[in-house]
Amino acid sequence: MQTELGKENLTNETILEQLNWRYATKSYDKTKKISNEDWETLETALTLAPSSFGIQPYKFLVITDPDLREKLKPAAYGQSPITDASHLVVFAYKKTLTDADIEHFVDRIVEVRGTPREALTEYENIMKGSAKQAVDGGYIEIWNSRQAYIALGFLLETAALLGLDATPMEGFDAAQFNEILGLTEYSAVALAAVGYRDAANDWLAPLAKVRMPNAELIERL
Ligand SMILES: Cc1cc2nc3c(=O)[nH]c(=O)nc-3n(C[C@H](O)[C@H](O)[C@H](O)COP(=O)(O)O)c2cc1C
C-alpha cells in the first residue's frame, strides 16, 4: 500500500513525466558522480526486485574502478557509457541452481522470519524440484537470467524517478566480460550504465521517444 508520504510526492503525473524523461543515454557527463544516498537507493532497489520463489539467482557487480572499466570497454564494442557514466552495473545470473542454493535460501527465510525450518520442508522440496527440472531440462540459464532482467527494470525505473540517467545494454561480449571479471559460477547477461546525461553531445537526447501506440501493445479483455 502506498504511504501517505509517497502519495504526496509521487503523483501519477510525476511517474509518467520521469518515464518519458528517461532515455537510453548515449553520452554521459564524465565529471558528474551519483551521490552516495542516491546510489544506496539504487542498490537497494536492485535487491528488492522480485524473483521466482525469491531465490535471487544473480549478482550485481557495481564497477567504479576506471581501469577496470577501460578494460571492459572494448568487450562492449567501445560504447562510451561503459567508461563515462558515474557507475556501471553488470547483471550476472547464476549458471545453475543446486540443492545447496535452495537450502541457503531456506536458511535465510528462517533467519529473517523466524519460521521453524521443519515448517518449510514442503516448500523447500517444491523449489528443489523446480530447480532440478530446469537444470535437467537445460533451461536453468534462461530461467535465472530472466530474473536478472527484472532487477534491471527496477534499476531503470528507480533511476528515472531519482532523475538519474541510465542505459541498459546487451551490446557486449559476455564471455570476455566473464573472463575480465573472473566470473565462473555466474555469467554477465546485461549491463546498466548510470549517471548524468551530456545532452549537448548526445545525438539521441533531442529526439522524440518512439513507442508503438498503446492500442497495439495493450489488449483489454
Ligand atoms: C535489454 C536491452 C538491451 C539494450 N542494449 C543496448 C546497448 O547495448 N546499447 C545501447 O546504446 N542501448 C541499448 N538498449 C537501449 C534500447 O535501444 C532503448 O531502450 C530503446 O531503443 C528504447 O529507447 P529508450 O530507452 O530511449 O526509450 C538496450 C535496451 C534493452 C532493454
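Which helix supplies the largest share of the lining of the largest pocket? The legends below answer this and describe further close-up views. The structure is a predicted model in which local features require pLDDT of at least 70 and side-chain atom pairs pLDDT 80 or more, while totals for chains, interfaces and linings use all residues. Residues are numbered from 1 along each chain as its sequence is written, and side-chain values use heavy atoms, with hydrogens and water left out.

**View 1. Overall fold of the predicted protein.** The protein contains 10 helices and four strands (DSSP runs, H or I of at least four residues for helices and E of at least two for strands, numbered from the N terminus). Their order along the sequence is α-α-α-β-α-α-β-α-α-α-β-α-β-α. Taken along the principal axes, the C-alpha atoms fill a box of roughly 60 × 45 × 40 Å.

View 2. A pocket is an open set of points on a 1 Å grid over the protein atoms alone, where a 1.4 Å probe fits, with protein on both sides within 12 Å along at least five of seven lines; lining residues have an atom within 4 Å of a point. Of the 25 lining residues, Gly54, Ile55, Gln56, Phe105 and Arg108 lie nearest the pocket centre. Helix α6 provides the largest share of the lining, nine residues; α3 (36–48), β1 (58–63) and α6 (99–113) each supply at least two. The lining comprises 14 nonpolar, five polar and six charged residues (Ala, Val, Leu, Ile, Met, Phe, Trp, Tyr, Cys and Pro count as nonpolar; Asp, Glu, Lys and Arg as charged; the others, Gly among them, as polar).

View 3. Arginine 108 and glutamate 111 form a salt bridge, with their closest N and O atoms 3.1 Å apart (a side-chain nitrogen of Lys or Arg within 4 Å of a carboxyl oxygen of Asp or Glu). Both residues lie in α6, three residues apart, about one turn of the helix. The structure holds nine salt bridges.

**View 4. Surroundings of the ligand.** The residues around the ligand (a heavy atom within 4 Å) include Tyr23, Gln79, Tyr149 and Lys209.
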